[in-house]
Amino acid sequence: MEYIVVGLGIAGISFCEQLRKHNRSFVVFDAGERASTTVSGGVFNPVVLKRFTAAWDAKAHLEYAIPFYNALGTLLDLQVMDSVPVYRILKDAEEQNNWSVASDKRELSPFLSSELEPNTNPSINAPYGFGKVTASGRIYPSQLLQKYAEYLALHDQYYAEAFDYAALTTQETSVQYKGYNAKWLVFAEGAAARHNPFFPKDLLRPNKGEYLVVRAPQLQLTTLLKGGMFVIPLGNDLYKVGATYDRVDTSLQPTEHARQEILKKLKGMIHCEFEIVDQIAGLRPTTPDRRPLLGTHHQHARIAFLNGLGTRGILMAPKLASFLFDHLEHQQELPKEVRIDRFK
């Protein structure tokens, strides 16, 4: 056995695909704690829509992610990805002007339409229209994670169980765990790494996000809508609305406070009636400088980490997984922005 992978959110799947593509043998252990990938809206968006700026290394991540998800869909016989524009509600004439300026910038022009979109939907409150993100889309996280776990199980590569850290032993050139002797152990646990004794705790800042699922038959929305919250069509008049940000509460329990925050912002975005169908919560693995954490353990050379993907994991995970694979297999330097030892 060459690799043991712990965690099967989008980071774990992305790294497993590197291993599968390069014919490396591996097994996966996944505790089933509600991963941020499962809860998330699945949106990939290369633009920071609050400030009209490009996300970190957005072009490279986007160019890698789209063919990655298309190939994953072929492997699993599943519609993994849709290219769907984001319509950003513009609050006033100043935001209209700021959008026009941003869309002319070299780093943003591939992602933003320079033409403002008028609002023709009577259920949406957008008198100043929309800015349109053209290089955006979504994946279907719950279906993807379930199908990928089933695919691995079919090939005897998946264990739906918590990783027992006490049962791990490490040596200079290998790790041993429950009868497996592997060259590498890769932790891709997301926020669950806060329970991992090998992970540097001060580098992970779990960030709780909550969503409401609402039914709104009159909304008739087919694009992704962004105002105070994202509104994400799920089909059958259902929409996922969110998400909140909470750095204090690290439970997975939905809260009334988040419910009211989402409702207030949603009512500022749409005019039509809706009913709440569900409320869900998850933890994002964020970091002090909002950059991912890749690299090996400072004492155990055969333990590696792929974590800290934060709010843009869907966009970044495929490319980051390739960085880590090339680092472990070919000793290629990791980008300085993502090296886990940058905090020393």
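A polar contact, to begin, is a pair of N or O atoms within 3.5 Å; within protein, one must be able to donate a hydrogen and the other to accept it, and residues adjacent in sequence count only if both atoms are side-chain atoms. Helices (H or I, at least four residues) and strands (E, at least two) are DSSP runs, numbered from the N terminus.

Hello everyone, and thanks for coming. What you see is a predicted model, where local features need pLDDT of at least 70 and side-chain atom pairs count only at pLDDT 80 or more, while totals for chains, interfaces and linings use all residues. Residues are numbered from 1 along each chain as its sequence is written, and side-chain values use heavy atoms, leaving out hydrogens and water.

Let me start with the whole protein. Its secondary structure comes to 7 helices and 21 strands. A compact globule of 344 residues would have a radius of gyration near 20 Å, and the 21 Å of this protein agrees with that. That radius is taken over C-alpha atoms, and the globule rule is 2.2 Å times the number of residues to the power 0.38. Along the principal axes, the C-alpha atoms fill a box of roughly 65 × 40 × 40 Å. Of the 344 residues, 53% count as buried; buried means under 20% relative accessible area, exposed over 50%, and partly exposed in between, with a 1.4 Å probe and protein chains only. As for contacts (heavy atoms within 4.5 Å), among those between residues at least 6 apart in sequence, 72% join residues at least 24 apart.

Now to helix H4, residues 93–103. Which residues of H4 are buried? They are Glu95, Trp99, Ala102 and Ser103. Seen down the helix axis, these buried residues fall within an arc of 95°, so they line one face of H4. The arc is that of the directions from the helix axis to the C-beta atoms. What do they pack against? Their partners are strand E7 (86–89) and strand E8 (130–133).

The Ser103 side chain reaches the backbone oxygen of Ser100 at 2.9 Å. Not counting residues up to four places away in sequence, Ser103 touches Ser109, Leu112, Ser113 and Ser114.

Next, please find strand E15, residues 205–215. This strand is mostly covered, with 9 of its 11 residues buried. Two strands pair if DSSP finds at least two bridges between them. E15 pairs with strand E19 (residues 275–286) in the antiparallel sense over 11 bridges, and there Val214 stands opposite Ile276. E15 also runs antiparallel to strand E18 (residues 238–242), joined by 5 bridges, with Tyr211 opposite Gly242.

In the loop between E15 and strand E16 (224–226) you will find Ala216. At 1% relative accessibility, Ala216 counts as buried. Leaving aside neighbours within four places in sequence, Ala216 is in contact with Asp237, Tyr239, Cys272, Glu273 and Phe274.

One last stop: an open sheet. Its 6 strands come in the order E10-E2-E1-E14-E21-E20, with mixed pairing. Which strands are at the edges? Strand E10 (158–159) and strand E20 (293–296), each of which pairs on one side only. Strand E2 (residues 26–29) and E10 run parallel, joined by 2 bridges, and Phe29 stands opposite Tyr159 in E10.
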